[in-house]
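Here is a short briefing to read alongside the sequence and the 3D view. Take it topic by topic, with the viewer open as you go.

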Amino acid sequence: MLQKNMIKISSKKILAGSALLAGLTTGAFAHFQMLYTPNTALVKGETIELREVFTHPFADEHTMDMGKQHDSKELKPVEEFYVINKGKKTDLKSTLKGITFTGQHNSGKAYASQYKAQRMGDHVLILQPAPYYEVNEDAYIQQITKSIINVAGTPTDWDSDLGLKAEIVPLTKPYAIWEGGSFTGVVKSKGKPVPYAEIEVEYLNRDVDMKNNKTGKAYVEAPQDAFVTMGIKADKDGEFTFTLPKAGFWGFAALGVGSDKTYKGKELSQDAVIWVEAKPMK
Amino acid sequence: MKKVLLGLIFLTGSVFAHTAIMSCFDNGDNTITCEGGFSDGSSASGVIFYVLKDDKKVFESKMSEDSEITFDKPDGNFEAVFDAGEGHQVHVKSSDITE
């Protein structure tokens, strides 16, 4: 009986301990701008659903309000949102609709949009949100985000270097990777490689409920925090390779590589984000 | 061995070593646009294209400089064919063509 009580007490202590730990590590996980659609390799042209959410894709412990500012309660709208197919750029800003997206711990202001991916080839989607004020760091974060979808299998634009302020240019088609395959990219700023760039890698560890704008159950558990946000570095030429051990979506964020370093007099981390999908072999 | 190597070089140097691909959509104005291509991104400009209806050719042309073609939508069921040579034909059925 006594032994049973002791076990009870110790498990309570462990729980309290892990709650504290969770409190401590909040904010340490990587922020990732999502530019999500459930399938990046389309068999034929179709209208796709997109969700633009600023979150922590592995731990899902905090969903941010996109465009949050330090000097105003108003959220700043997205700066740029467009698509490139066969070299032709189409503005998509007017397709963005404000939504509330619900994660496991809170809700945040995000966007939903639709895009008619009608033509064959690659559709390179670029989202440049307004800088987000991160109160814990008293600094701004702006993640220029690239997601590439393909229609029917013909490659057209996937490897384009768009000369963005912060950009990851893929050397592997981000929509044509088997589970267990690898992804290679080059970190660039205005077309120039960024040597030894610091890159955070996260697995989208949740179902995204497109209908209800919320996340579902976690797929995997991390054995330790270093597996939640994996830190890697580019080589001297700004190039990096990462093997995708599990099917699903993987985000890469090259931190602070952009040419803009301040915003509204505060420090700005202008990051380059790219999303890559690994397909199951079945 | 030399023969095998030569053979491989010959094969990979031609577009026929790659997969032929075609995707079509309905423009909503009684015309259909079909885009052709290859898995390595090579142009399909000049590739033969035709439309079959009841096994008869009702339209025949070549892919444009932009590797695409637009034609009047036939009544009823038909098949669009991208013909890049033997073993490299792609057939798209009208029932699979949407707006």
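Where chain A and chain B meet, 13 residues of chain A and 18 residues of chain B take part in the contact. Please keep in mind that this is a predicted model. Together the two chains bury about 1,100 Å², and 47% of that area is on carbon and sulfur atoms.

- On the chain A side, A:Gln118, A:Arg119 and A:Met120 are the three residues to look at, as they supply 44% of the area that chain A buries against chain B, more than any other three residues.
- A:Gln118 turns up again in the lining of the second largest cavity, which holds about 70 Å³ of space.
- From chain A, that lining also takes A:Lys44, A:Gly45, A:Glu46, A:Thr47 and A:Lys116.
- From chain B come B:Cys24, B:Phe25, B:Asp96, B:Thr98 and B:Glu99.
- Two elements give two or more residues to this lining: β3 (46-52) of chain A and β1 (20-26) of chain B.
- Sorted by class, the lining of the second largest cavity has 5 charged, 4 polar and 2 nonpolar residues.

**The largest cavity**

- How many cavities of 30 Å³ or more does a search of the whole structure find? The search gives 3 of them.
- The largest cavity contains about 100 Å³ of space.
- Its lining is made of 13 residues, and those nearest the centre are A:Met34, A:Thr55, A:Phe101, A:Leu204 and A:Thr215.
- By class, the residues around the largest cavity are 7 nonpolar, 4 polar and 2 charged.

**Chain A: overall make-up**

- Chain A has 1 helix and 23 strands.
- It runs to 282 residues, of which 51% count as buried.
- Among contacts in chain A with a separation of 6 or more, 69% are between residues 24 or more positions apart.

**Chain A: nonpolar cores**

- The largest nonpolar core has 35 residues, and the members that touch the most others are A:Ile168, A:Val187, A:Ile199, A:Leu244, A:Trp250, A:Phe252 and A:Val257.
- Strands that give two or more residues to this core are β5 (80-85), β9 (121-128), β11 (139-151), β14 (182-189), β16 (198-203), β20 (239-243), β21 (248-254) and β23 (266-279) of chain A.
- Which of these elements gives the most to the core? It is β23(A), with 4 residues.

**Chain B: overall make-up**

- Chain B has 1 helix and 7 strands, and along the sequence these follow the pattern α-β-β-β-β-β-β-β.
- Of its 99 residues, 39% count as buried.
- Among contacts in chain B between residues at least 6 apart in sequence, 45% join residues at least 24 apart.

- B:Thr19 sits in the loop between α1 (2-12) and β1 of chain B.
- Setting aside residues up to four places away in sequence, B:Thr19 touches B:Gly37, B:Phe38 and B:Ser39.
- Most residues other than glycine have a negative phi.
- B:Asp55 has a positive phi of about 65 degrees although it is not a glycine, and B:Asp55 is found in the loop between β3 (48-53) and β4 (56-62) of chain B.
- B:Ser67 also has a positive phi, near 60 degrees, and its place is the loop between β4 and β5 (68-72) of chain B.
- Is each of these two buried or exposed? B:Asp55 is exposed because its relative accessible area is 73%, over the 50% cut-off.
- B:Ser67, in turn, counts as buried because its relative accessibility is 9%, under the 20% limit.

Conventions: Residues are numbered from 1 along each chain as its sequence is written. Chains are lettered from A and ligands numbered from 1 in the order in which they are written. This is a predicted model: local features need pLDDT of at least 70, side-chain atom pairs count only at pLDDT 80 or more; totals for chains, interfaces and linings use all residues. Side-chain values use heavy atoms; hydrogens and water are left out. A nonpolar core is a set of buried Ala, Val, Leu, Ile, Met, Phe, Trp, Tyr and Cys residues joined through side-chain atoms within 4.5 Å. Buried means under 20% relative accessible area, exposed over 50%, partly exposed in between (1.4 Å probe, protein chains only). On a 1 Å grid over the protein atoms alone, a cavity is a set of points where a 1.4 Å probe fits but cannot get out, and a pocket is an open set with protein on both sides within 12 Å along at least five of seven lines; lining residues have an atom within 4 Å of a point. Grid points are joined across faces, edges and corners, and a volume is the space filled by probe spheres set on the points. Ala, Val, Leu, Ile, Met, Phe, Trp, Tyr, Cys and Pro count as nonpolar, Asp, Glu, Lys and Arg as charged, and the others, Gly among them, as polar. Contact means heavy atoms within 4.5 Å. Buried area is the accessible area (1.4 Å probe) that two parts lose on being put together, summed over both.
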